[in-house]
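Visitor: I would like to go through this entry feature by feature. Please give the general idea where there is one, then the case at hand.

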Amino acid sequence: MKIRPILSTLLALLCSASALAAPAAPDTAAAASKPTARSCHLPGAEEALRCLSVAAPLDYAKPKENTLKLHVTVAPAFRESARPDPLFVLAGGPGQAGSDVLVLLSAAFKRVRATRDIVFIDQRGTGLSGKLDCESPPNEELLSDAELEAALRSCIATKNVPFAAYTTAAAARDIEQVRKALGYGKVNVWGGSYGTRLGQAYARAFPDSVRSLVLDGVAAPEQVIPAGGRDGQAALDKLFAQCDADAACHKAYPNLRAEWDTLAARAEAGLKLAIADPRTAQPVTFTMTGPRFFGTVHNILYSPADARRLPFLLHSAYQGRWEPFIARHNIAGDFASDASSAILLHLAVVCAEDVPRMTPALMKEDASMLTRPLADRIPNLCKTIKVPAVPYVEPAPIQAPALLLSGALDPVTPPRRAESAARRMPKAQQLVVANAGHGVSQLGCAPRLLRDFLDRPGSPLDAKCLSEIPAPTFQLGSAGPQP
């Protein structure tokens with residue numbers, strides 16, 4: 001869910017049987033017309049992988065009309081005697097592509113790949129599958145919130161795209177097209193963040209195609225993406241409580257909550273800053289607004305290592321030294337690349353599937369200053385993108401074995417979301433990591449547990465090792481976190 005600055009202001013508050021069961025018989029017709037793979041080098045992977053394109057209808061109701069090309073990246077299993085059931089990888093967002101998260105090959109999937117192909121799918125409208133995106137305007141950080149929103153509206157108006165075709169349901173059907181085209185039988189599915197929503201949709205639409213599910217940072221079916229205030233606020237409160245309980249942190253920042261309240265009020269009112277630009281050291285003047293301030297804080301909370309720097313950033317800002325906070329706010333732009341999330345795909349999905357469910361009662365329950373800027377703005381942006389509402393349908397049970405991973409400090413998909421999703425998964429195992437945030441699969445012993453689960457998805461996991469993942473230390477000064 002990492003996104004560029006144009007959304008860091010407006011949209012960054014988002015935002016996861018037997019091991020030898022016989023696989024379904026491959027589709028022989030599809031296998032006969034299997035697309036040709038080519039060797040490719042992509043960011044995030046040091047080695048050459050296999051890339052291919054799979055055709056899919058733009059509109060499944062009119063399959064003979066326009067088509068689109070889905071980009072697929074395959075990391076072949078290391079062993080020649082690979083198991084027949086690969087792992088399909090679905091990225092988050094919505095807006096992130098499978099080719100954006102290839103770095104997971106050397107982290108989360110390093111053990112799984114020994115015996116299974118890893119298949120990264122660029123969801124329609126993301127990455128190399130016809131990315132729906134906008135260019136960032138010049139001097140973006142100096143623009144007002146209204147100017148940023150106007151730039152996004154202008155971008156939407158220039159696009160001649162049938163945004164209504166870019167739904168989660170269509171993306172789920174695309175996954176089945178990929179499975180058939182590559183000639184696989186049953187597949188395992190790993191989804192992260194929004195990818196957990198897509199993975200669940202695929203498992204419900206094509207139950208005979210799914211051997212098992214691994215869902216990391218689980219989005220519950222009823223979850224509304226812009227309405228995450230309760231979860232974000234809970235993560236912030238936990239961070240403040242942890243600082244209070246840590247002798248060194250409490251000594252360094254004894255009035256942290258009061259300083260937070262003061263900074264929040266100043267940002268909401270609009271705080272004019274004259275500082276040395278952290279990039280150039282040149283004098284710069286701009287306004288710190290509520291959306292910029294709260295969006296940056298919410299983004300920081302995704303990672304516990306990042307969050308443990310937040311007390312230092314807030315205290316420095318309270319004392320009038322905003323440069324460290326601004327430097328952290330600029331990270332999205334400083335490290336922006338072609339791998340950034342597809343802004344317009346994000347809007348197409350959220351405006352059709354989430355915003356129609358943003359009832360006054362829900363927004364009152366989830367009220368929080370951390371997510372209020374997004375909740376206030378996104379409905380108006382949806383009027384520009386003009387997609388019809390996708391009716392919410394009570395989800396059917398998922399019978400495939402499922403492993404649900406949650407970080408106790410996650411500000412967007414905390415354990416309560418996985419608990420809700422598990423009620424419709426009778427064969428689910430839920431693991432909660434005390435010192436993790438948004439994303440567990442790459443931490444500690446989790447890569448080994450993924451392999452164990454995929455080898456024997458019907459067997460309980462011994463996951464005591466996850467409790468050994470340590471909490472990061474707090475940053476107490478400009479030199480960085482404590483040793």
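Guide: Start with the lining of the second largest cavity, where helix 6 supplies the largest share, four residues. Keep in mind that the model is predicted.

Visitor: Which residues line the second largest cavity?

Guide: The lining is made of Ala 235, Lys 238, Leu 239, Gln 242, Leu 301, Pro 304, Ala 307, Arg 308 and Leu 409. Two elements give two or more residues to it, namely helix 6 (229–245) and helix 10 (304–307). As a general idea, an α-helix has 3.6 residues a turn, so residues three or four places apart point the same way. Here Ala 235, Lys 238, Leu 239 and Gln 242 are among the lining residues.

Visitor: What are the volume and the class make-up of the second largest cavity?

Guide: The volume is about 80 Å³. By class, six lining residues are nonpolar, one is polar and two are charged.

Visitor: How do I read the second largest pocket, and what is its volume?

Guide: Its volume is about 560 Å³. The lining counts 21 residues, and those nearest the centre are Thr 168, Ala 201, Pro 391, Tyr 392 and Val 393. Helix 4 (168–182) and helix 5 (194–205) are the elements that give two or more residues. Helix 5 contributes the most, with five residues. The lining of this pocket divides into twelve nonpolar, three polar and six charged residues.

Visitor: Now the whole chain. How many helices and strands are there?

Guide: The chain has 18 helices and 13 strands. Its radius of gyration is 22 Å, close to the 23 Å from the globule rule for 483 residues, so the chain is as compact as a globular protein of that length. The C-alpha trace spans about 65 × 50 × 45 Å along its principal axes. Of the 483 residues, 57% are buried. The chain exposes about 19800 Å², with 54% of that supplied by carbon and sulfur atoms.

Visitor: Is helix 9 enclosed or exposed?

Guide: Compare each residue with the cut-off for buried, which is under 20% relative accessible area. In helix 9 (residues 290–300), eleven of the eleven residues are buried, so the helix is largely enclosed by the rest of the structure. Among them are Arg 292, His 298 and Asn 299.

Visitor: What should I look for in the backbone angles?

Guide: Most residues other than glycine have a negative phi, and most peptide bonds are trans. In this chain, Ala 281 has a positive phi of about 70°, and Lys 386 has a positive phi near 55°.

Visitor: Where do Ala 281 and Lys 386 lie?

Guide: Ala 281 is in the loop between strand 8 (271–276) and strand 9 (283–288), and its relative accessible area of 56% makes it exposed. Lys 386 is in the loop between helix 16 (372–385) and strand 10 (402–407); at 67% relative accessibility, Lys 386 is exposed.

Visitor: Which residues does a cis peptide bond join?

Guide: Gly 93 and Pro 94 are joined by one, with omega about 0°. Pro 94 sits in the loop between strand 4 (87–90) and strand 5 (118–121).

Visitor: Finally, is Asn 66 buried or exposed?

Guide: Exposed means over 50%, so Asn 66 qualifies with 53% relative accessibility. Asn 66 is in the loop between strand 2 (49–57) and strand 3 (67–75). Apart from neighbours within four places in sequence, Asn 66 contacts Pro 57, Leu 58 and Asp 59.

Note on methods: Residues numbered from 1 in each chain as written. Predicted model: local features only at pLDDT ≥ 70, side-chain atom pairs only at ≥ 80, totals over all residues. Heavy atoms only, no water. 1 Å grid on protein atoms, 1.4 Å probe; cavity = no way out; pocket = protein on both sides within 12 Å on 5 of 7 lines; lining within 4 Å. Points joined across faces, edges and corners; volume = space filled by probe spheres on them. Nonpolar A, V, L, I, M, F, W, Y, C, P; charged D, E, K, R; others polar. Rg over C-alpha atoms; globule rule 2.2 N^0.38 Å. Buried < 20%, exposed > 50% of the residue type's maximum accessible area, 1.4 Å probe, protein only. Areas by Shrake-Rupley, 256 points an atom, 1.4 Å probe, with all protein chains shown as cover. Contact = heavy atoms within 4.5 Å.
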